[in-house]
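Please look at the structure first, then read the points below.

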Amino acid sequence: MILRLHHGHIRLPRLPHQRLTLLNLRSLQTSPLRPSSHRIPPITSLSTPPPSPSPSPSHSTTPPPPPPQPQTWLTNLLPKPLLPYAHLARLDKPIGSYLLYWPCFWSISMSAYTLHTPPLQTLTMLGLFGAGAVIMRGAGCTINDLWDRDLDRGVERTRGRPLASGEVSVGGAFGFLGVQLVAGAAVLTQLPVATIPVALASLPIITAYPFMKRVTYFPQITLGLAFNWGALLGPAAMFGHLHSMDMAVWGALYASGICWTLVYDTIYAHQDKRDDALVGIKSTALYFGDRTPAFLALLSTAQIGLLACAGYLNAQGPLFYLGTVGAAVHLARILGKVEYDDREDCWRWFRACTWTGAIIGAGVVGDWGWRVWRDGVREQEEHERVGEWIRRQLDTYIDK
């Protein structure tokens with residue numbers, strides 16, 4: 001019987017509290033292992049918890065619906081069919097237009113300071129560039145969303161954008177882009193002819209930016225090249241030609257703006273760094289990670305240094321440097337307070353970066369305004385001297 005048990009012809013039934021013996025050890029060794037039927041659900045996004053196992057075979061997992069568009073001032077202003085296109089151009093979030101406009105504002109005001117341009121001419125140019133900033137920023141957003149519509153569906157913050165959510169079709173977006181480019185060309189025709197080749201040279205950079213997010217961790221450099229193009233376009237419009245422009249001044253100002261863009265867009269990119277890592281979008285936020293504070297401190301130092309260099313080369317006055325110091329203090333405050341792992345805090349301090357541009361702009365336009373006032377006083381004094389000389393000559397002639 002022991003021999004028969006040894007060859008496995010008889011199996012003892014499993015009894016409660018059965019002790020483990022050499023015989024049933026042999027039977028355990030010959031029993032096949034059954035694979036577990038439990039499956040771990042995949043994690044689809046770091047920003048949301050993994051889905052719970054489906055209770056029934058009929059249950060199907062579908063991506064969450066896009067969030068509804070928030071109610072903004074555009075809701076009461078525009079007809080409902082136009083609202084998705086307004087959101088596509090980010091008209092409800094003008095922060096991007098401000099950031100695009102400030103380099104234009106700086107360069108135009110600095111050019112007016114050098115050329116002693118009359119106030120009306122300067123203000124007209126500032127108005128044209130303001131309209132152009134709103135239009136071309138919207139066109140850039142349309143191009144970006146056409147590139148990224150599939151990726152945007154995988155990012156929590158962007159899945160509600162008009163193209164990603166399906167509110168606007170691809171054909172509709174291309175048609176809207178054509179309207180935006182025509183409007184931008186209409187503004188461009190109001191500027192001197194010398195600005196046309198300079199403006200057209202920026203279009204490949206604007207178009208390439210969304211692609212750069214797929215191939216390099218430094219797409220913010222491409223964004224900086226595009227967003228600060230006004231630092232070159234503004235002087236071309238003010239001078240009316242390129243050969244008399246001091247490119248050392250405008251090159252330093254352009255480089256300063258690029259450093260500034262790297263600062264604020266790295267803060268912006270920290271909002272989406274978890275989802276970006278999953279869908280394959282690259283950014284300086286992912287590249288530098290915990291080293292971001294040191295990286296942004298270095299870039300901010302470079303921005304302020306290059307800005308001061310541009311002012312020195314342009315022979316700016318004291319108000320320019322007062323604005324530069326104010327911008328440095330504001331940047332230090334932003335970098336000291338931003339929490340890079342808090343999405344809402346990143347958005348808050350990203351928006352605060354526009355005040356850096358405003359402070360610089362206040363210094364530049366204040367310097368220009370002071371020169372206009374001083375020139376006016378000097379002109380008035382000159383007129384008074386000429387008038388006094390004429391009166392003396394008339395008195396001498398009458399006495400004779």
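Val386, Trp389, Ile390, Leu394, Tyr397 and Ile398 make up a nonpolar surface patch, with about 680 Å² of accessible area together. The model is predicted: local features need pLDDT of at least 70, side-chain atom pairs count only at pLDDT 80 or more, and totals for chains, interfaces and linings use all residues. Residues are numbered from 1 along each chain as its sequence is written, and side-chain values use heavy atoms, with hydrogens and water left out.

**Surface patch**
- Patch residues have over 30% relative accessible area and no salt bridge, and nonpolar side chains (Val, Leu, Ile, Met, Phe, Trp, Tyr) are joined within 5 Å, like charges within 9 Å.
- A salt bridge is a side-chain nitrogen of Lys or Arg within 4 Å of a carboxyl oxygen of Asp or Glu.
- Areas come from the Shrake-Rupley method with a 1.4 Å probe, and for residues only the protein chains shown count as cover.
- Isoleucine 398 lies in helix H19 (residues 354-399); helices are DSSP runs (H or I, at least four residues), numbered from the N terminus.
- Isoleucine 398 is exposed because its relative accessibility is 65% (exposed is over 50%, buried under 20%, partly exposed in between; 1.4 Å probe, protein chains only).

**Valine 170**
- Valine 170 belongs to helix H8 (residues 170-188) and is partly exposed, with a relative accessible area of 31%.
- Valine 170 touches Leu146, Arg149 and Leu163, leaving aside residues up to four places away in sequence; contact means heavy atoms within 4.5 Å.

Conventions:
Helices (H or I, at least four residues) and strands (E, at least two) are DSSP runs, numbered from the N terminus.
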